[in-house]
Amino acid sequence: MSRVQTRRALALLAGTALVFAAGLGTAQPAAPTPPSAPAAPAPAAAPEEAPPQEAAPPAPVLVPPISEKEIEPAPPSPAASAKPAAPPRRTRYDVAVLQALDKVTAESLVFAAPVGKPIRYKGLIFTVRACERSTPDEPVADSIAYLTIDSQPRTDPGMPAPLVRQVFKGWMYASSPGLHPLQHPVYDAWVISCRAAAPSSLPLR
């Protein structure tokens, strides 16, 4: 065998060895794969609802009849119907008993003045508008008069009358003459009482 043939034989053997080695590499068994987790069970299907059914209406209940006595409203309770009693009113009289004093001469006079009628005492004219007495539930028994007092001096016949000047207007109290007194330099006056034949209870206007 020549040297050339010997080289070719060696090259052929080397290539065969390479092919055999490559085949062994590919023929190795593959690595085992890990076991997969068990699959979750599929959810159970919801049961189908039964179709609605019509319920039978309840039997009517028989109501006993109502008598006329039950229809009538209940009587009001005494506490609801009771009204507070109105306070008693002062009794009105149509005549006031007054007393006047002349401070210059010290002359005093007690006289009756009817309600609504002007009464003159010297230079004063008294006009009583109301006269009343206190009620029994008041702490002090009193006579109260509402009057006006005008000052008008007397004049001689044929002389012009002087102007009238009001010197007092308001309530006077018999129990307290100094509470609302007449302020005049010559005269003084106060209430004594109220009297009348027929007392009335008319409200003050």
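Two strands pair if DSSP finds at least two bridges between them. That idea runs through this predicted model.

Begin with β6, which spans residues 143-151. Strands β6 and β7 pair in the antiparallel sense, over 8 bridges. On this side, D150 stands opposite Q166 in β7. Strand β6 also pairs with β5: 9 bridges join the two, and they run antiparallel. Here F126 stands opposite I149 in β6.

Is β6 enclosed or open to the outside? Of its 9 residues, 8 are buried, so the strand is largely enclosed by the rest of the structure.

In a regular strand, side chains alternate between the two faces of the sheet.

**A closer look at D150**

D150 lies in strand β6. Its relative accessibility is 19%. Buried means under 20%, so D150 counts as buried. Which residues does D150 touch, leaving out those up to four places away in sequence? They are G123, L124, I125, V164, R165, Q166 and V167. Q166 is also the residue that stands opposite D150. L163 is 13 residues from D150 in sequence. In space, the C-alpha atoms of D150 and L163 are 10.0 Å apart.

**An open sheet of three strands**

The model also has an open sheet of 3 strands. Its order is β3-β2-β8, and the pairing is antiparallel. Which strands stand at the edges? They are β3 and β8. Each has a single partner strand, so one side of each is left without a neighbour in the sheet. Neighbouring strands of this sheet are turned by 20 degrees against each other on average, direction ignored.

Strands β2 and β3 run antiparallel and are joined by 8 bridges. One example is L101, whose bridge partner in β3 is S108.

**The nonpolar core**

The largest nonpolar core has 23 residues. Which of them have the most contacts inside this core? They are L98, F111, F126, L147, I149, M172 and L182. Several strands contribute to the core: β2, β3, β4, β5, β6, β7 and β8 each supply at least two residues.

F126 and I149 are on that list, and F126 stands opposite I149 in β6. L147 is on the list too. L147 touches L98, F126, T127, V128, R129, F168, K169, G170 and M172, not counting residues up to four places away in sequence.

**One disulfide**

A disulfide is a covalent bond between the sulfur atoms of two cysteines. How many does the structure hold? It holds 1 disulfide. C131 and C194 form this link, with their sulfur atoms 1.7 Å apart. The pair links distant parts of the chain: C131 is in strand β5 and C194 is in strand β8, 63 residues apart. The angle about the S-S bond is -85 degrees, and the link is left-handed. Are these cysteines buried or exposed? Both C131 and C194 are buried.

**Salt bridges**

Side chains of opposite charge can pair when their charged atoms come close. The structure holds 5 salt bridges.

| Pair | Closest N and O atoms |
|---|---|
| R90 and E132 | 3.0 Å |
| E138 and R90 | 3.0 Å |
| E107 and K122 | 2.7 Å |

Each of these pairs links distant parts of the chain. R90 sits in the loop between α3 and β1, while E132 is in strand β5, 42 residues apart. E138 is in the loop between β5 and β6, 48 residues from R90. E107 lies in strand β3, and K122 is in the loop between β4 and β5, 15 residues apart.

How exposed are these residues? R90 is partly exposed, at 29% relative accessibility. E132 is buried, with a relative accessible area of 8%. E138 counts as partly exposed at 26%. E107 is partly exposed as well, with a relative accessible area of 39%. K122, at 24%, also counts as partly exposed.

Which residues are linked in a network of salt bridges? They are R90, R92, E132 and E138.

Methods
Residues are numbered from 1 along each chain as its sequence is written. This is a predicted model: local features need pLDDT of at least 70, side-chain atom pairs count only at pLDDT 80 or more; totals for chains, interfaces and linings use all residues. Side-chain values use heavy atoms; hydrogens and water are left out. A disulfide is a pair of cysteine sulfur atoms within 2.5 Å. Helices (H or I, at least four residues) and strands (E, at least two) are DSSP runs, numbered from the N terminus. Buried means under 20% relative accessible area, exposed over 50%, partly exposed in between (1.4 Å probe, protein chains only). A salt bridge is a side-chain nitrogen of Lys or Arg within 4 Å of a carboxyl oxygen of Asp or Glu. Contact means heavy atoms within 4.5 Å. A nonpolar core is a set of buried Ala, Val, Leu, Ile, Met, Phe, Trp, Tyr and Cys residues joined through side-chain atoms within 4.5 Å. Axes are lines fitted to C-alpha atoms, for helices over the stretch in contact, and angles run from 0 to 180 degrees between N-to-C directions.
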